[in-house]
Every structure is written in structure tokens, then in C-alpha cells.
Amino acid sequence: ALVSCHRHYRSRPTHGIGRFKYLLPKEAPKKKKDKVQMKEIDVGTEHEYGDLNIQMTSYDMCLVEHFAQYVHRLCNQLSVRVKESYAMPTKTNEVLFLEERGSKMQLDAVLTTHQRVVQISGLSSTFAPILLEVIQSNQPEGVHLLVKEHTEADFKSRLKSRPELEELLAQMS
Amino acid sequence: LSSWLPQMVPFRGSHWQSSLLGLRASLLMRAQPKKKKKVDVKREQAQKDRMKKKIKKLEKAAPEMIPIEDFIAPLKYSDNSRVRSLPPLSFEETERRVLLMKKWCLFKQKQDKAEKQAIQTLVAAQQEALKELRLESEELYQAAIRRDEGLFPYEREGPSYSPPLPGYDPPEGKCVDITKVYTQ
């Protein structure tokens with residue numbers, strides 16, 4: 001072990017050979033707890049749209065995920081800046097139907113609705129209709145497309161609700 | 001005090017009694033004027049401080065994101081006991097599959113290239129039209145360049161597998177939302 005040691009003694013001219021970390025730019029210390037903070041919402045100028053959310057909803061998870069991947073790659077290729085690409089929480093619905101002869105509601109199916117969001121910004125006003133056209137023509141069946149501007153309410157819907165805090169705040173005011 | 005009330009009714013016009021309901025309160029106030037006021041104010045202040053402290057403590061904790069069930073694999077799939085045993089494929093079958101995959105890749109590549117070509121032609125045509133419009137009138141060009149406020153929100157349903165059946169009578173029923181509500 002000692003023979004294979006490559007360290008050179010401090011008095012030797014080869015001391016410190018192989019050091020390189022001091023040449024690299026300094027990294028900010030990584031915080032273990034990354035506070036979930038909302039990124040600033042871009043409003044956009046007269047010729048450019050601000051933050052836009054392309055929301056894709058469907059009952060079929062694989063289809064919606066593949067479509068989201070496709071949209072993301074398309075934006076990358078067309079050099080449209082993709083700010084964020086995330087999934088919204090899944091919604092579960094129980095479908096009950098009334099039997100033909102009977103008054104009892106019978107369980108038909110349990111459906112899960114999946115939603116994926118691709119957030120883009122800096123879309124120019126001339127290119128927007130072209131992008132929409134391309135996305136529409138590749139829309140798979142059963143996938144509902146919604147393109148809207150990003151708001152704070154959209155971000156807040158991803159966070160957990162805090163009933164205690166809301167109660168206390170209501171009591172205060 | 002309650003036995004006083006029927007007697008006090010004809011005296012409603014007197015100066016120290018504004019209403020029947022205020023009878024008890026006014027009498028109490030006159031008996032013990034100052035002590036109760038201070039204690040109430042202090043208690044209220046203490047309550048408010050406690051609430052403010054609680055709110056501060058709750059607000060310190062960062063808001064958490066709702067975990068997405070799609071990305072959490074259910075435990076029953078992590079069980080390694082079930083193993084699929086497929087029969088070995090013949091040479092012709094593997095060849096057929098490989099050739100089919102190559103044909104599919106070529107088809108998709110052509111499709112993708114055609115799409116990119118279409119986008120390029122669209123952009124070129126748009127730019128040319130805008131150039132001509134600029135030569136025609138500067139005002140119209142500026143108006144065309146602006147962003148469309150009515151474009152968003154834009155909604156579109158995906159194409160369905162079959163058109164809606166004419167005269168279809170759906171059974172009566174309802175949808176119940178059973179999504180798990182996460183609280184912090």
C-alpha cells in the first residue's frame with residue numbers, strides 16, 4: 001500500500017502536482033433542504049408570450065407521458081426555451097351507474113386522470129400558431145390539450161394544503 | 001335579576017337603560033367598572049401573541065409538494081418471485097422482427113423529416129408574407145407582429161376512436177372524486 005502511494009513529499013519540487021480543484025470555478029454550497037420556491041413568472045413583451053403551460057390530460061398514463069416527452073423534444077429542437085416539465089398529482093374518480101332494474105348504484109370502474117405540464121417561455125408571437133398547429137396534428141386520441149398562461153394559482157395547486165395555518169389566519173383577520 | 005324584568009318593562013324610557021338586552025350588562029358595568037376591562041385586554045393580547053407565534057412557526061416550515069402517485073411503484077410489483085419464461089424464438093422470427101423494426105425506423109425517420117420540412121416551409125412562407133406586408137403598410141405589419149391576447153387559454157379535445165353514436169342513451173350515474181388529500 002505504501003509503495004503504490006503517489007503522494008510526493010512537501011519539500012520536493014513535485015509537491016502539489018496533480019492538483020486541479022483550485023482551477024475550477026467555485027460551486028455554491030449545496031443546501032440539503034431545497035426550499036420549494038416559485039420561480040418568477042414571466043409576463044412577456046408585446047412580441048413574445050410569457051410563461052405558458054402546455055397541460056396534457058388523459059386517462060392513459062403511458063400515452064400522456066409519451067406525448068409530453070414528444071412536446072418537450074419538439075420544443076428543444078425548435079429552440080423554444082422549456083422552463084419546467086412536471087407532472088400534476090393524479091386524480092382518481094369512481095364511476096357509479098344506476099342499474100336498470102334497481103335503485104342501487106353499482107360501481108362501474110375506478111378511473112385515474114393523469115396530467116403532465118410542459119412550461120415554456122419566450123415564445124414569439126409569429127411562431128406560436130405554428131407550434132400549436134404541430135402539437136395539434138400530433139395529438140393522440142383521448143389526450144386533452146390545454147395551453148394557458150402560467151399563474152401563481154397553478155403553482156399553488158401543486159403544494160400540499162395547510163388547514164391549520166389557514167384556520168389560524170382566518171381567526172386572526 | 002330575572003324577576004326584575006316584568007317590572008322594568010314600563011321603565012324603558014329611562015335614561016340609564018337603552019335596551020332590555022343591555023340591562024344586565026349595564027348593571028354589571030356599574031358594579032365593577034375597571035378590573036374586568038384590563039384582564040380582558042391582557043388575555044386577548046396574550047391570545048393574539050400565542051396565535052401569532054403559532055402562525056410564525058407554521059410558516060417557517062417550507063410548503064411541500066404533493067407526492068405524485070404515478071411515480072411511486074406499488075409494492076406488489078417489487079416482488080421478484082414471478083418470472084416470465086418465454087419460449088426461444090426461431091431464426092426466421094428474429095430476422096422478421098429485426099427487419100420490421102428497421103422498416104419502422106425508416107418510416108418514422110421519413111415522417112419526422114417531412115414534419116421538420118413542413119415547419120420550415122411554414123416559417124419561410126410566414127416570413128415572406130410579413131416582408132410583403134411591411135412593404136405594403138408599416139401599420140398593418142406592426143399590428144400583425146403583436147401577440148394575440150385572445151389565443152390563450154387554448155383548449156382542444158383529442159380525436160376519438162369512433163364518432164359519437166347517434167341516439168345513444170347513457171345509463172344514469174355519477175362520478176365520485178376519491179383523490180387522496182394530502183395535508184401538511
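This is a predicted model: local features need pLDDT of at least 70, side-chain atom pairs count only at pLDDT 80 or more; totals for chains, interfaces and linings use all residues.
Visitor: What scores does the predictor give the complex?

Visitor: Which elements of chain B have the lowest and the highest mean pLDDT?
Guide: Helix α1 of chain B, residues 5–8, has the lowest, at 50. Helix α4 of chain B, residues 91–136, has the highest, at 95.

Visitor: Switching to chain A. How many helices and strands?
Guide: Chain A has four helices and six strands. Read from the N terminus, its elements go β-β-α-β-β-β-α-β-α-α.

Visitor: What share of chain A is buried?
Guide: Of the 173 residues in chain A, 36% are buried. As for contacts in chain A between residues at least 6 apart in sequence, 72% join residues at least 24 apart.

Visitor: What does UniProt list for chain A?
Guide: An unreviewed UniProt entry lists residues 53–148 of chain A as "domain: Small ribosomal subunit protein uS10". In the model that span is 28% helix and 50% strand, and its end C-alpha atoms lie 5 Å apart.

Visitor: What is the strand order in the six-stranded sheet?
Guide: The order is β1(B)-β6(A)-β2(A)-β4(A)-β3(A)-β2(B), an open sheet with antiparallel pairing.

Visitor: Why is one side of β1 and of β2 in chain B left without a neighbour?
Guide: Those two strands, residues 154–156 and 173–177 of chain B, stand at the edges with a single partner strand each, so one side of each has no neighbour in the sheet. On average, neighbouring strands of the sheet are turned by 20° against each other, direction ignored.

Visitor: Which helices lie against it?
Guide: α1(A) packs on the sheet, touching β2, β3, β4 and β6 of chain A. The direction of α1(A) makes about 10° with that of β4(A). α2(A) lies across β2, β4 and β6 of chain A together with β1 of chain B, and runs at about 20° to β1(B).

Visitor: How many bridges are there between the strands of chain A?
Guide: β2(A) is joined to β6(A) by six bridges and to β4(A) by seven. β3(A) and β4(A) pair over 15 bridges.

Visitor: Which residues face each other across those pairs?
Guide: A:I54 has A:V147 in β6(A) as its bridge partner. A:N53 stands opposite A:Q119 in β4(A), and A:L98 stands opposite A:M105, also in β4(A).

Visitor: What's in the turn between β3(A) and β4(A)?
Guide: The two strands form a hairpin with six residues between them. A:G102 in that turn has a positive phi of about 155°.

Visitor: Which non-glycine residue has a positive phi?
Guide: A:S79 is one of them, with phi near 50°. A:S79 sits in the loop between α1 and β3 of chain A.

Visitor: Is A:S79 buried or exposed?
Guide: A:S79 is exposed, because its relative accessible area is 67% and the cut-off for exposed is over 50%.

Visitor: Now the core. Which residues have the most contacts inside the largest one?
Guide: That nonpolar core has 28 residues, and those with the most contacts inside it are A:I54, A:M56, A:V71, A:I120, A:L123, A:I135 and B:F152. In chain A, β2, α1, β4, α2 and β6 each supply at least two residues of this core.

Visitor: What does A:I54 touch?
Guide: Beyond four places in sequence, A:I54 touches A:V71, A:R116, A:V117, A:V118, A:I120, A:I135, A:L145, A:L146 and A:V147.

Visitor: Is A:I135 buried or exposed?
Guide: A:I135, in helix α2 of chain A, is buried, with a relative accessible area of 1%. Its contacts beyond four places in sequence are A:I54, A:F67, A:V71, A:L74 and A:L145. A:I135 and A:I54 are 81 residues apart in sequence and 10.0 Å apart in space, C-alpha to C-alpha.

Visitor: Back to B:F152. What is the peptide bond to B:P153 like?
Guide: The bond from B:F152 to B:P153 is cis, with omega near 0°. B:P153 lies in the loop between α5 and β1 of chain B.

Visitor: Where does UniProt put the coiled-coil region in chain B?
Guide: The unreviewed entry places it at residues 34–61 and 116–143. The span 116–143 of chain B is 96% helix and 0% strand in the model, with its end C-alpha atoms 28 Å apart.

Key: Residues are numbered from 1 along each chain as its sequence is written. Chains are lettered from A and ligands numbered from 1 in the order in which they are written. Side-chain values use heavy atoms; hydrogens and water are left out. A nonpolar core is a set of buried Ala, Val, Leu, Ile, Met, Phe, Trp, Tyr and Cys residues joined through side-chain atoms within 4.5 Å. Buried means under 20% relative accessible area, exposed over 50%, partly exposed in between (1.4 Å probe, protein chains only). Contact means heavy atoms within 4.5 Å. Two strands pair if DSSP finds at least two bridges between them. Axes are lines fitted to C-alpha atoms, for helices over the stretch in contact, and angles run from 0 to 180 degrees between N-to-C directions. UniProt positions are given in the numbering used here, feature names are shortened, and annotations may be inferred rather than shown by experiment. pLDDT is the predictor's confidence in each residue, from 0 to 100.
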